[in-house]
Amino acid sequence: MVARLVIAAPSSGAGKTTVATGLMAAFAGRGLAVSPHKVGPDYIDPGYHALATGRPGRNLDAYMCGTGQIAPLFLHGSRGCDLAVVEGVMGLYDGAADQGELASTAQVAKLLKAPVVLVVDASSQSRSVAALVHGFASWDPEVRIGGVILNKVATDRHEHLLRDALGESGVPVLGVLRRAPAVATPSRHLGLVPVAERQAQAVEAVAAQAEQVLAGCDMEALLALARSAPALSAEPWVAEVGERPHAGGPVVPTTRPVVAVAGGAAFTFSYAEHTELLRAAGAEVVTFDPLRDEALPEGTRGLVIGGGFPEMYGEQLSANEPLRKAVAELAASGAPVAAECAGLLYLARSLDGRPMCGVLDADARMSDRLTLGYRDAVAVNDSVLAPAGARLRGHEFHRTVIEPGAGPLAAWGLRQPERRVEGFVRGGVHASYVHTHWAGSPEVAARFVEHCA
C-alpha cells in the first residue's frame, strides 16, 4: 500500500510542475519518504522532482511501456516510500493523438487507482471556476477528483469569490496559491531549463515552491486524500532483461563489459530504468561528461548517448577534441553505440557549423520548427538495439534538423504522423531522433550488452 496523489490540470501552463514539486519537497521536508513520478515522456520535470525528494524521478508512460506496466513501474519506484506524488501531463484527459485516453493523466490515475488533485489557473475567472471543475470531475466517473488547488489567485477578495463558487461543487478546495515570482522556473525552446544547468537556482526555486505550498495548502487533508487510495494488486517491476525473442542462448555475458553513458549538463535526458536494465543485462555502467572528460571511461566496450541540449553547449562540445576523437575511434572499431536525439547530433559531422564527432555523414542545425509526438517505429535494419522488423514505441521532441535525415541504412521506419524512414545504422552505431523507453522493451538492453560483450 502506497499513499498517492496525481496532480493534474485542465491544460498545460496551469502550474502542475510548481505544485507537484512543491508538494514533494514540502512532504519530504516533514520527514516523509516521497516517491516522485511524471506521466508521459518528459525528461526535465523529473529532474526537479529528484531535487525535491532525493530520489530518482521516474516516468509513467502508457504509450511507450504499455498500460500493463504502469502499476508495476509505479510500485518499483515507490518501494519503501510513505507517499508518492505523480505529476500529470498536459490537460487531465489529453493523451496520445488519435488514441483516445491512451497515455493521458486520467488513464494513469485510473490504472493507479489514485485520487486526482486538479490545479486550476484561476487568474482570469471567478464563478466560472465551478463550471470548469464540475465538468472535469463529471467527465469520467472512473476518475476520482478529490480536490482542487487554485493557483495564481490575485487577492483575498478573489479567493473569496472562488471559494464561494466552488462551495456547492462537491469538490473541496485543498489549497490557494498566490502569484509568486520566486517559484518560477525559466523556460526555453523545449520547456523548462534542466536542473543540471542551474543547480543553485533550482535548489532555491524548489525551496520557494515548498514554502508556497506549505503556506497555501491543507497538507493534512492532502495526505489524508493520498492515504485513501486502495492497495494495488500488481507486482513491482523488476529490471530483468529475460530471453531475447530473436536470438537464443544466454543473455547475461560471462564478463561485465563497461558501458559508458553520457551525462552532465549537455546530456540530461535519460530514464532511470535504462541504467537498471543495462546492469541487469550484465554491464558495468559508468557515467561520463562530454563537456569535461577528455577520454571515455577506461575499458569502454559500448557507448550510450541519450538526449539533452547539445545545441546549448556546441562550442564546449566542439572544443573537447580529444573526446570527440575517442568517440569516433570507438565507433570506427565497431563497438556498440546507441545515440538518441542529442546523441545523434553529437555524432554528426557538425552542429550549427561547429565540428562534432564526425561518426555520421550528416550535419545538424537548430530549426524554428518543433517536432513533437509519439512514434510507432519499426527497425528497418539489424542493429545493436533491435533486429530488422522489431517494433518499438517512442517519441520525438526537438527543434533541430539533421541532413540527411536518414543514412543508407536507416534506423527506423515511422508510421505516424507520416510514413518515413529516419536515423542511421552504421557498423555498431544506432543513431536516431526517436527516444525509447527500455522498460517497455527490455530485450533492447539485453541485445546491446550482448553486442558489447
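1. **Ground rules.** The model is predicted: local features need pLDDT of at least 70, side-chain atom pairs count only at pLDDT 80 or more, and totals for chains, interfaces and linings use all residues. Residues are numbered from 1 along each chain as its sequence is written, and side-chain values use heavy atoms, with hydrogens and water left out. Helices (H or I, at least four residues) and strands (E, at least two) are DSSP runs, numbered from the N terminus.

2. **The parallel sheet.** Seven strands make an open sheet. Their order is S3-S2-S4-S1-S5-S6-S7, and the pairing is parallel. Two strands pair if DSSP finds at least two bridges between them. The edges are strand S3 (58-60) and strand S7 (173-178), each pairing on one side only. On average, neighbouring strands of this sheet are turned by 25° against each other, direction ignored.

3. Strand S1 (residues 3-8) runs parallel to strand S5 (residues 116-121), with three bridges joining them. Ala-8 is placed opposite Leu-118 in S5.

4. Contact here means heavy atoms within 4.5 Å. Axes are lines fitted to C-alpha atoms, for helices over the stretch in contact; angles run from 0 to 180 degrees between N-to-C directions. Helix H1 (residues 16-29) lies across S1, strand S2 (34-39), strand S4 (83-87), S5, strand S6 (145-153) and S7. H1 runs at about 170° to S4. Helix H2 (residues 44-53) lies across S2, S3 and S4, at about 170° to S2.

5. **H1 against H8.** Two packed helices are described by the angle between their axes and the distance between the axes. The axes of H1 and H8 come within 7 Å and cross at roughly 85°. The two helices are therefore roughly perpendicular. Angles under 35 degrees count as roughly parallel, over 145 as roughly antiparallel, 65 to 115 as roughly perpendicular and the rest as oblique. On the H1 side, the contact includes Thr-18, Val-19 and Leu-23. Among those on the H8 side are Val-206, Val-213 and Leu-214. By class, this contact has eight nonpolar, five polar and no charged residues. Ala, Val, Leu, Ile, Met, Phe, Trp, Tyr, Cys and Pro count as nonpolar, Asp, Glu, Lys and Arg as charged, and the others, Gly among them, as polar.

6. **H2 against H8.** The axes of H2 and helix H8 (residues 199-216) come within 10 Å and cross at roughly 70°. That makes H2 roughly perpendicular to H8. Tyr-48, Leu-51 and Ala-52 of H2 make the contact with Gln-199, Ala-202, Val-203 and Val-206 of H8. Six of these residues are nonpolar, one is polar and none is charged.

7. **Burial in H2.** Seven of the ten residues of H2 are buried, so this helix is mostly covered. Buried means under 20% relative accessible area, exposed over 50%, partly exposed in between (1.4 Å probe, protein chains only). The buried residues include Ile-44, Pro-46, Tyr-48 and His-49. Just after H2, Gly-54 takes a positive phi of about 75°.

8. **Asp-45.** This residue is found in helix H2. Asp-45 is buried, with a relative accessible area of 7%. Leaving aside neighbours within four places in sequence, Asp-45 is in contact with Thr-17, Lys-38, Glu-87 and Leu-192.

9. **The mixed sheet.** Six strands form an open sheet in the order S11-S10-S12-S13-S21-S20, and the pairing is mixed. Strand S11 (284-288) and strand S20 (424-426) are the edges. Neighbouring strands are turned by 15° against each other on average, direction ignored. Strand S10 (residues 258-262) and S11 run parallel, joined by five bridges. Val-261 is opposite Thr-287 in S11. Helix H10 (residues 272-280) packs on this sheet, touching S10, S11 and strand S12 (300-305). Its direction makes about 140° with that of S11.

10. **Strands around S16.** Two bridges join strand S14 (residues 350-351) to strand S16 (residues 363-379), and these run parallel. S16 pairs with strand S17 (residues 391-403) in the antiparallel sense over twelve bridges. Tyr-374 stands opposite His-395 in S17. S16 and strand S18 (residues 412-414) are also antiparallel, over three bridges.
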